[in-house]
Amino acid sequence: MSQPPRGERIRLAWPQLGDRELSNVAEVLRSGLVSQGPKSKQFEDLVCERLDVSFAFATSSGTTALHLALAAAGIGPGDEVLVADFTFPATGNVVLQQGARPVLVDIDPRLLAMSPEDARRKATRNTRALLPVHPFGAAADMDALMKLAGELDLAVIEDAATAFGGNYRGRSCGTIGNLGCFSFHGRKVITTGEGGMVVTDDEDLADRVRVLRNHGGVRIDGRYAFADVGYNYRMSDVQAAIGIAQLERLDDLIAALRESAHLYDRLLDGAEHVTIPPEPEWGRDVHQSYVVLLDSEVDRDAVIREMASRGIETTLGTYALHAEPAYARLGGYAPGDLPASFHASRHSLALPLYSGLTNEQVDYVSNSLRAAVAGCLGKRGRTMGEKRSSEGQD
Ligand SMILES: *Cc1c(COP(=O)(O)O)cnc(C)c1O
């Protein structure tokens with residue numbers, strides 16, 4: 001199994017890749033079938049079985065999965081989509097790329113997922129879809145969101161990028177709305193390097209996803225006819241081969257993530273100025289990341305620097321879309337307009353978490369965090385637009 005080089009800093013995340021991934025990839029390379037083919041189909045079938053969903057489509061990324069889902073749902077110019085504000089920018093970008101308008105929705109300050117009440121307040125007669133995010137592997141409040149969607153006749157597209165293998169009241173995250181999207185980026189629960197998946201139980205939506213993923217082509221009488229202007233958002237079989245091996249590890253990976261997360265929970269219990277993430281009552285949190293909230297008087301970015309000086313990589317939880325320059329400009333938002341999301345973006349901190357992290361490392365990170373927080377009180381947080389934290393995405 002690949003591990004970070006010894007003696008290096010404690011990494012935020014590390015993918016678990018081993019001999020199975022290598023031999024699966026070798027098999028594909030030898031076969032010559034390297035673009036989308038039988039391995040992608042096998043990966044999709046395994047995902048359907050695992051998540052108990054009817055259709056799955058492997059894509060080139062989580063972002064292209066989201067874009068395909070919106071396109072398949074017919075979202076376009078004139079439409080508004082309610083988007084969770086506390087997320088990686090891709091969630092909002094794809095709405096704009098479809099020519100529709102993302103209407104940003106604040107989060108529940110405890111669960112960090114879309115607030116159903118704020119979503120209701122922001123719905124208009126142009127609203128066509130809800131785009132909630134399952135934050136860091138924990139399910140959003142899906143019953144409340146599905147109820148709202150039912151009342152207002154909205155499509156629900158789940159951004160389950162971080163929540164592969166997670167569940168909500170016994171159902172897999174990503175399979176509750178009309179369409180669900182996963183990411184297999186290197187920092188997600190399982191990885192294919194880059195990659196994603198769209199899942200749905202709706203046959204018509206599945207047909208749309210299938211056609212749009214492959215340039216808009218449908219096979220008629222043995223030749224392709226291009227009835228639609230589609231995309232090439234296919235995953236390659238080289239990536240799918242990695243995904244198949246990762247899927248075999250899924251239970252072990254989740255168990256290891258949860259074990260380290262629970263150890264953090266215990267070690268950080270009662271730590272001053274640190275709020276540990278609650279596990280929602282409705283389901284298993286797969287802990288793609290372990291994200292704590294620091295009190296307002298703690299300078300989060302100073303904590304990141306202090307942790308780095310102790311050899312520990314940390315980063316912000318994720319972004320408040322409304323406060324990022326593109327969204328502030330396009331949507332006329334000012335930083336703090338969505339207060340819970342803004343607070344979370346400025347005061348959240350992701351700690352190292354991956355399968356293979358040792359208990360000693362979790363202990364060292366926890367002790368270091370207590371010390372770093374105590375040393376970073378009372379300074380003013382830096383303002384938006386300044387460089388934040390380390391490399392990589394959310
Ligand atoms: C990672 C992520 C994405 C984007 O996935 P990519 O595979 O990197 O394109 C979208 N939304 C959320 C919430 C994510 O965490």
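**Close-up 1. Asp202 and the negative patch around it.** In this predicted model, Asp202 sits in the loop that runs between strand S10 (196-200) and helix H7 (203-213). Asp202 belongs to a patch of negative charge on the surface, where Asp52, Asp201, Asp202, Glu203 and Asp204 gather. With a relative accessible area of 32%, Asp202 is partly exposed.

Close-up 2. Asp207 and Arg210 both belong to helix H7, where they stand three residues apart, which is about one turn of the helix. Their side chains form a salt bridge in which the closest N and O atoms are 2.8 Å apart. Asp207 is partly exposed, its relative accessible area being 36%, and Arg210 likewise counts as partly exposed, at 37% relative accessibility.

**Close-up 3. Arg9 and Glu313, a pair from distant parts of the chain.** Among the 20 salt bridges counted in the model is the one in which the side chains of Arg9 and Glu313 meet, at 3.0 Å from N to O. The two residues are 304 positions apart in the chain, for Arg9 lies in the segment before helix H1 (19-31), whereas Glu313 lies in the loop between helix H9 (300-309) and strand S15 (319-320). Arg9 is partly exposed, with a relative accessible area of 37%, while Glu313 counts as buried, at 8% relative accessibility.

**Close-up 4. Arg11 as a further partner of Glu313.** Glu313 also forms a salt bridge with Arg11, and here the closest N and O atoms are 3.4 Å apart. This pair, too, links distant parts of the chain, with Arg11 in the segment before H1 and Glu313 in the loop between H9 and S15, 302 residues apart. Both Glu313 and Arg11 are buried. Through salt bridges that share partners, Arg9, Arg11 and Glu313 are joined into one network.

Close-up 5. A disulfide is a covalent bond between the sulfur atoms of two cysteines. The cysteine sulfur closest to that of Cys173 belongs to Cys181 and lies 13 Å away, which is too far for a bond, given that the sulfur atoms of a disulfide must be within 2.5 Å. Cys181 is likewise in no disulfide, its nearest cysteine sulfur being that of Cys173, and the count for the model comes to zero disulfides. Cys173 counts as buried, at 0% relative accessibility, and Cys181 is buried with a relative accessible area of 1%.

How values were computed: Residues are numbered from 1 along each chain as its sequence is written. This is a predicted model: local features need pLDDT of at least 70, side-chain atom pairs count only at pLDDT 80 or more; totals for chains, interfaces and linings use all residues. Side-chain values use heavy atoms; hydrogens and water are left out. Patches are made of residues with over 30% relative accessible area and no salt bridge: like charges are joined within 9 Å, nonpolar side chains (Val, Leu, Ile, Met, Phe, Trp, Tyr) within 5 Å. Accessible areas come from the Shrake-Rupley method with a 1.4 Å probe; for residues, only the protein chains shown count as cover. A salt bridge is a side-chain nitrogen of Lys or Arg within 4 Å of a carboxyl oxygen of Asp or Glu. Lys and Arg count as positive and Asp and Glu as negative; His and the chain ends are not counted. The place of a charge is taken as NZ of Lys, CZ of Arg, CG of Asp or CD of Glu. Helices (H or I, at least four residues) and strands (E, at least two) are DSSP runs, numbered from the N terminus. Buried means under 20% relative accessible area, exposed over 50%, partly exposed in between (1.4 Å probe, protein chains only).
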